[in-house]
Amino acid sequence: MTRPLPRRTVLRGLGVTLALPLLEAMRPARALAVRPPVRLAMLYVPNGVHMPDWTPPGEGAALQLSRTLQPLAAVKDHLLVLTGLAQDNARALGDGPGEHARALATFLTGEHPVKTEGVNIRAGVSVDQVAAAQIGSLTRLPSIELAIERAAQSGSCDPGYSCAYSSSLSWKTPSLPLPGEVDPAAVFDRLFGSGVDARKDRRRLSVLDFVAQELRSLEPRVGVSDRRKLDEYLTSVRELEGRIARAQSLPRVRAPGLLRPSGVPRDFGEHVRLMSDLLVTAFRADLTRVATLLLANAGSNRSYPELEIDDGHHDLSHHGRDADKQEKIARIDRFHVSLLAHLLEKLKAVREGDGTLLDQSMIVYGSGISDGDRHNHDNLPVLLAGGGGGTLRPGRHLQCARTPLNNLFLSLLDRMNAPVDRLGDSTGRLTGLEG
Amino acid sequence: MVLTLACALVGPAAADVAPLIDRYCAGCHSPAQKKADLDVARFKDDMALWQTAAQRIEAREMPPAESAQPTTAERDRLLAWFTSAPTHPAAPGRRDGEPVTIRRLNRAEYNNTIRDLFGVDLRPADGFPSDAVGDGFDNAADVLSMPPALVEHYLAAAETIADRVIVVETARRGHRGRANRVLPESHTRLIPRRPSRSRLRQDAQEFLGPFASRAYRRPARPDEVGRLVAFVERASEQGASFELGMQAAVQAVLVSPHFLYRVELDGGDEVGDFALASRLSYFLWSSMPDDELFRLAAQRRLHDDEVLASQVARMLRDPRARALTDNFAMQWLQLRNLQAHRPSRRHFPGFDDELRAAMLTETALFFDAIVREDLSVLTLLDADFTFLNERLARHYGITGVDGPQFRRVALTDRTRGGVLTQASVLTVTSNPNRTSPVKRGRWVLEQILGAPTPPAPAEVPPLPAERRDAIGRSLRERLDEHRDNPACATCHRRMDPLGLGLETFDAVGVWRTREHAREIDASGVLPDGQSFRGPVQLKAVLLGKAHAFRRSLASRMLTYALGRGGGERATVDEIAQRMQRDGDSFSSLVLGVVGSDLFRARGGERAEP
């Protein structure tokens, strides 16, 4: 049985506006002439899933939805469920405990993260940021990073690992994790806030130029580790300069009637749906082509009162084969998947070119842990939704024999026009996506 | 550091120790066995693990009782090596060298600094993304990163602040009355008088010099001020007002690396005077130095021990020292996580945001009292007073406290008193629907005794919680399984009894004597043989381990003060000894940290010749 989404009109104006046809003002002129671009989004859920309920029965064409995937019935033909993919570098490899932090840090990077509480945070560049680095200059924002939970506010997250590992899905550089924006209003501001006030932009550019000067004069006077920090700042300054300059050449984006969300919704589902709607808006108006959304921090122990589940998710994930616990995990999984369904249905509702926005998208949904009790990082739950601009043949269950997840990412990067030869532990491209 | 330590095992001193490690540790913690996921062959470069190992050996918890035991001499030799190997960071004669990386202001520091810089409490950083936590705190230099999204926040905040603190006369025509309008103090602080049109540059210099010096927390250099004056000049060339130009200059200062980062360029081997002033103020106030600190730094007197001590005393009495409670204590006790903790509505229908806030207020006021009144830090473990309002008093079953306002309440019944028995701690260490003696025990071990435990290995069958009623066993009986299973026993023998001693408090900290119609047995026996029954006796046992607590607290506070972990054992020991000598007053802890070489040694390595 699928639990119906609570139909609340909570999107504070945003939902209303999204029902309106896309305003031409929001569409870059360039996009009209050529084929619409392909978009990439990655969604992550922590603690693994209940695999027996996740894995679809059978293989190949005519995907049959498993119990957990039932909420996706309306978009079933747009799904490729991939089993047998692994992130081997999430394993301990001598580093001891910390499976959750490692699973998240490895998920989009394929690199084994350095075990550290504070000094020398390091993993790899995540696939979304690889794409953003290559095609990000075509859009107002190279990428957006979204999250639902704030990073842990104190203590240790996963033993031996800084909380930065447990709350970042995207990594801009091997040493710069990008925490996701939690506040929908701040996301709105990033999407629509800048580039509307020429005078403000001029002042910002001159201030950024000042910062760059200050950094340059400071760098030779500090040591190596300090210089790394200052470089980080300089890189961000450069990116913003580029973005502001670019915004002046890109068609103006206005958001008439689109109301700025107010505050962070208290309800988890409402929060995820609101973020999803913002993501759809960003893709639709081609404000960015790359996004990540972290549904909860690694090892999250949130309870699910909306499902009348009082236990913490992480506690439950150590089910010890207890059937009751496994059932609760499966219900949480299905709830998460119902939120994915909301996103995919919204994408499908937007017409673009000859098809829909979903046809132009590649939405990866998954976890870096397979079974939460075993903490294994092979046979990961991974699902790819969307048509990839006609380059994917969805509606299937594809079984791979212990293949690096990063092989899938190489194949997705090709479709984003951002090809690379290697990423993390990739061994090649994943074949069979096009059928 | 990694390299030196990796070499340490082959050094001369290690020749004595390596066979001991082989004999007593490597049997279980080998590449093949990796008990507790530890492999001594691999962890030679992991300082934190050596420290943990030292603690466990010292506490005689390792090697486990059933294994071969080192002789006392061998045990001493192992411990001595941990602390005195020539390449060991804590070895005497060696300056703990791990440089303190340049530190970005975190959210709390940014808010407070803006408040103290302009005299307006705008709290612009409340909307910033959370700072990542490293080494238990959100002020860890290395994890405070600067992604583009954050720079956007800084830019926007700088605009908002500049617009707020400087008033720009929009209608400049006529209206004499306008000139008489009372300008906010923030404005007159920055622009104390009308600038003269003919001396624009000099006036801008005169106004911006002192401002930049405060914002950069050291005397601003003429070329630095010159770059700021350029904003005013450029504005004037473009026909904009002096105030608009000043706004642009303020905006620039607020995104300058000299403002957003704590850069420590001055000083020789010791940290420079101004850098020391900032170290003090950000440690105790999470904010910039005040005029007195700046003055002492300028007079080069801050390194004087007596001056330093009197400044620390003054700063701890200042209301700004509340930052130690909000930022140090709340993170050390892990209470910031209470905000996101959601007790089950079904089991605890009485829990709501008001109660959550009251719980946090109690602990905050309690810690703040210890700071302000310079009480013994052992008060944290057991106290005869606390702070309550009516709501929380009712929660505790204490009568005679009326109204929403908090007040100091004397405790006669010592089942309450000290952080362990405060609802905030009892709740944040519980599961949403029941208590977790394991989590509470682990919290006591880690936060109070400073003895961390590794997490449970994967695929251990957990407690059969769901079958509880069918089988009818108590939580205690189920926890006993830990002792029977050797994979669990080593750690759980340490954790479970500590948590069981608090079982008379439910998962939101309400006192209880029964659960599921059973009498609660809150007794426990620790691995060292000490036994206790209930929270009062548990607290007594912990007070008996006061030195472990001193070291634990000193270590956490050192990490907080330095913005990096590393657990320098020798320094921590020195601070703990000083505390013990000085009656454990809170100020003795702070003075120990501030007086340590680490706090006063120069930070990052220098590039200049």
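Buried means under 20% relative accessible area, exposed over 50%, and partly exposed in between, with a 1.4 Å probe and protein chains only. This is a predicted model, in which local features need pLDDT of at least 70 and side-chain atom pairs count only at pLDDT 80 or more, while totals for chains, interfaces and linings use all residues. Residues are numbered from 1 along each chain as its sequence is written, chains are lettered from A and ligands numbered from 1 in the order in which they are written, and side-chain values use heavy atoms, leaving out hydrogens and water.

View 1. Cys400(A) is buried, at a relative accessible area of 16%. Cys25(B) also counts as buried, at 17%.

**View 2. Helix 20 against helix 23 in chain B.** Helices (H or I, at least four residues) and strands (E, at least two) are DSSP runs, numbered from the N terminus. Helix 20 (residues 437-448) of chain B packs on helix 23 (residues 486-500) of chain B at about 105 degrees, with the axes 7 Å apart. Axes are lines fitted to C-alpha atoms, for helices over the stretch in contact; angles run from 0 to 180 degrees between N-to-C directions. The two helices of chain B are therefore roughly perpendicular. Angles of 65 to 115 degrees count as such, under 35 as roughly parallel, over 145 as roughly antiparallel and the rest as oblique. Helix 20 of chain B contributes Pro437(B), Val438(B), Arg440(B), Gly441(B), Arg442(B), Val444(B) and Leu445(B) to the contact (heavy atoms within 4.5 Å). They meet residues of helix 23 of chain B, including His492(B), Arg494(B), Met495(B) and Leu498(B). The contact residues divide into seven nonpolar, three polar and four charged. Ala, Val, Leu, Ile, Met, Phe, Trp, Tyr, Cys and Pro count as nonpolar, Asp, Glu, Lys and Arg as charged, and the others, Gly among them, as polar.

**View 3. Helix 4 of chain A.** Nine of the nine residues of helix 4 (residues 99-107) of chain A are buried, so the helix is largely enclosed by the rest of the structure. Among them are Glu99(A), His100(A), Arg102(A) and Phe107(A).

**View 4. Glu232(A) and its contacts.** Glu232(A) is found in helix 9 (residues 224-249) of chain A. Its relative accessible area is 7%, which is buried. Leaving aside neighbours within four places in sequence, Glu232(A) contacts Ser175(A) and Leu176(A), as well as Leu144(B), Ser145(B) and Met146(B).

**View 5. Positive phi in two loops.** Most residues other than glycine have a negative phi. His375(A) has a positive phi of about 60 degrees. His375(A) sits in the loop between strand 9 (361-366) and strand 10 (382-385) of chain A, and is buried at 12% relative accessibility. In Ser286(B), phi is near 50 degrees, again positive. Ser286(B) lies in the loop between helix 13 (273-284) and helix 14 (291-298) of chain B. Ser286(B) is buried, with a relative accessible area of 1%.

**View 6. Confidence along the chains.** pLDDT is the predictor's confidence in each residue, from 0 to 100. Chain A averages 87, and 89% of the residues score at least 70. Chain B averages 85, with 84% scoring at least 70. pLDDT stays under 50 over residues 1-33 of chain A and residues 1-13 of chain B. Residues 465-471 of chain B are also below 50. Where pLDDT is low, the predicted coordinates should not be read in detail. For the complex, the predictor gives an ipTM of 0.85 and a pTM of 0.85.
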